[in-house]
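Here is a quick walk through a two-chain model, taken a piece at a time. Have the viewer open and follow along.

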Amino acid sequence: MLTELTGLTDGAPPAALQAALEERLAGADRAWLHEALAEAEAEAEAETETGSPRPADRPQWSLPIWETRFAEAGRHCHPAQAGQPGSPGPGAQDLADAARVLLLHAVRADHATTTRLYTHGTAAERRAVLLALPHLGGVPAGSALPLVEDALRTNDTRLVAAAVGRYAAAHLDQHAWRHAVLKCLFTGVPVGAVADLAGRAAGDAELARMLRDYAAERTAAGRPVPEDLDRVLALTAAPTQES
Amino acid sequence: MRIFDPHIHMTSRTTDDYEAMYAAGVRAVVEPSFWLGQPRTSPASFFDYFDALLGWEPFRASQYGIAHHCTIALNPKEANDPRCVPVLDALARYLVKDGVVAVGEIGYDSMTPAEDTALAAQLQLAAGHGLPALVHTPHRDKLAGLHRTVDVIRESDLPPDRVLLDHLNETTVKAAADSGCWLGFSVYPDTKMDEERMVAVIKEYGTEKVLVNSAADWGKSDPLKTRKVGDALLAAGFTEDDVDQVLWRNPVAFYGLSGRLQLDVPDAPGPLHEGNSILRGGE
């Protein structure tokens, strides 16, 4: 169930994601979600009509209502049924991720909005921006790379995992992408989080060298080599997709 | 013994501390925004600090099985620096965040007009955001500072039962208790309160609305003081239920007034790597 919702967050059409989220939310939280999405859609409509992103009567630091909803999603997204201890049911964090991604769709978030939300965001808010990036039509291709690069500089595994999704697969240059893969191995982020891993690793001799060097360093120190390393190394041996 | 340290500056502490705190029973902490020891020179420096309290520090805590929340404010000391005061205008966008469970630390340091203004403004921000407030009482001229603090709270829109008065001691506890606020005590190795005096205060005033914290930071302090107070209370004949009220239920009730406490730790144990994902690489 967890995997299912996470999978939807990373690429499903908003309607499917919303349906999956609503199924899992407690009743009051479902009502909160409906209202928040309606506010976001209204905000997007108003911006389209006036062409102005900020009503003149709004004080400098006050937030649009939908941005407040984006910030508070974590305290309004509780699972309808608490998972059994040890069961893989979706946690509040997955639900909040999904709600925030839906809000970004509803408001048709553009480059300026995603950058502002990421820059001013908590780790959970930044994660949602990263997850939504590949699917936001208002963000010009590649323009949000600085956000992905910022997340890849952190040691917060939640951010690193969200940063190596489809947006990184599509836009990171090969040097930065190799370092992102290596960082996953360093910090314990499962490489299953790396989008298009097989496609981009195929035939990458430089990545293979980096992996072998890392394995040698671990071995020299008497430390175990991460299991995922061999998996990626095997992928580098495949011929490139173009060839 | 389950422990909630309602006031600790984990940014200044090591992962060894997190490990020792967990072993001692600490499962939740609140980290109030405060002075860093080195004066800040611009609002941007506050923003990076607030971002850390809402990003990196909760992640670090989660790796050790500890739920981390924070309080956000312009602290009393830096309220006197005109280069820092503009941060007040930006607090609203932080006070809506999920991990923020109070406005704080606010209050008095030297009891200046600038501190009056910042305290009153931030009590109003708390009232406007549905948040309680953590109020630091001054170290110098303490009793006069306590009285002045309570006066400003009475003039604000924030009811006293949504205010935690902190760093109390024998000279200020009565006036604080009479005010209707929650009562916070910081237990330190040499200054503030110690374990035995804390036991004596609880014997006299009871366990209701009393919170005990380590206020551990970058100075001489001890993140395990909460546990030591719990042990001292048990040794003095208090029940386990009394200790649970002071060290867990009272902080949960006070910060729970925000409606934002999440005491499960979603990331623990997370993608641990050799028992620790706080990796710099190459570990």
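What percentage of the 243 residues of chain A count as buried? The figure is 41%. Bear in mind throughout that this is a predicted model.

## Chain A at a glance

Chain A has 14 helices and zero strands. Take the contacts in chain A between residues at least 6 apart in sequence: 70% of them join residues at least 24 apart.

Start with helix H2 (residues 14-24) of chain A and H5(A): their axes come within 10 Å and cross at roughly 145°. On the H2(A) side, the contact is made by Pro14(A), Leu17(A), Gln18(A), Leu21(A) and Arg24(A), and H5(A) brings Leu95(A), Ala98(A), Ala99(A), Val101(A), Leu102(A) and His105(A). Sorted by class, that contact of H2(A) with H5(A) has eight nonpolar, two polar and one charged residues. As for handedness, H2(A) passes H5(A) in a left-handed crossing.

Now look at helix H3 (residues 27-50) and helix H4 (residues 65-72) of chain A, whose axes come within 8 Å and cross at roughly 140°. Here H3(A) supplies Ala36(A), Glu39(A), Ala40(A) and Glu43(A) to the contact, and H4(A) answers with Ile65(A), Trp66(A) and Arg69(A). The class count for H3(A) with H4(A) is four nonpolar, no polar and three charged residues. H3(A) passes H4(A) in a left-handed crossing, too.

## What H4(A) packs against

Stay with H4(A) for a moment. Trp66(A), Glu67(A), Arg69(A), Phe70(A) and Ala71(A) are buried there. The buried residues of H4(A) pack against H3, helix H5 (92-106), H6 and H7 of chain A.

## A buried strand in chain B

Over in chain B, strand E7 (residues 182-186) is largely enclosed by the rest of the structure, because five of its five residues are buried. Trp182(B), Gly184(B) and Ser186(B) point one way from E7(B), while Leu183(B) and Phe185(B) point the other way. In a regular strand, side chains alternate between the two faces of the sheet.

E7(B) runs parallel to strand E6 (residues 163-166) of chain B, and two bridges join them. In one of these pairings, Leu165(B) has Leu183(B) as its bridge partner in E7(B).

## Val246(B) and its surroundings

Val246(B) lies in helix H10 (residues 240-256) of chain B. Why does Val246(B) count as buried? Because 26 C-beta neighbours sit inside 10 Å of Val246(B), and the cut-off for buried is 20 or more.

Beyond its neighbours within four places in sequence, Val246(B) is in contact with Ile202(B), Thr207(B), Val210(B) and Val212(B). Gly206(B) is 40 residues from Val246(B) in sequence, with a C-alpha to C-alpha distance of 9.7 Å.

Technical notes
Residues numbered from 1 in each chain as written. Chains lettered and ligands numbered in written order. Predicted model: local features only at pLDDT ≥ 70, side-chain atom pairs only at ≥ 80, totals over all residues. Axes fitted to C-alpha atoms, helices over the stretch in contact; angles between N-to-C directions. Helix = DSSP H or I, 4+ residues; strand = E, 2+ residues; numbered from the N terminus. Left-handed = near helix turned anticlockwise from the far one by under 90°. Contact = placed C-beta atoms within 7 Å. Nonpolar A, V, L, I, M, F, W, Y, C, P; charged D, E, K, R; others polar. Buried ≥ 20, exposed ≤ 12 C-beta atoms within 10 Å, placed from the backbone. Pairing = 2+ DSSP bridges.
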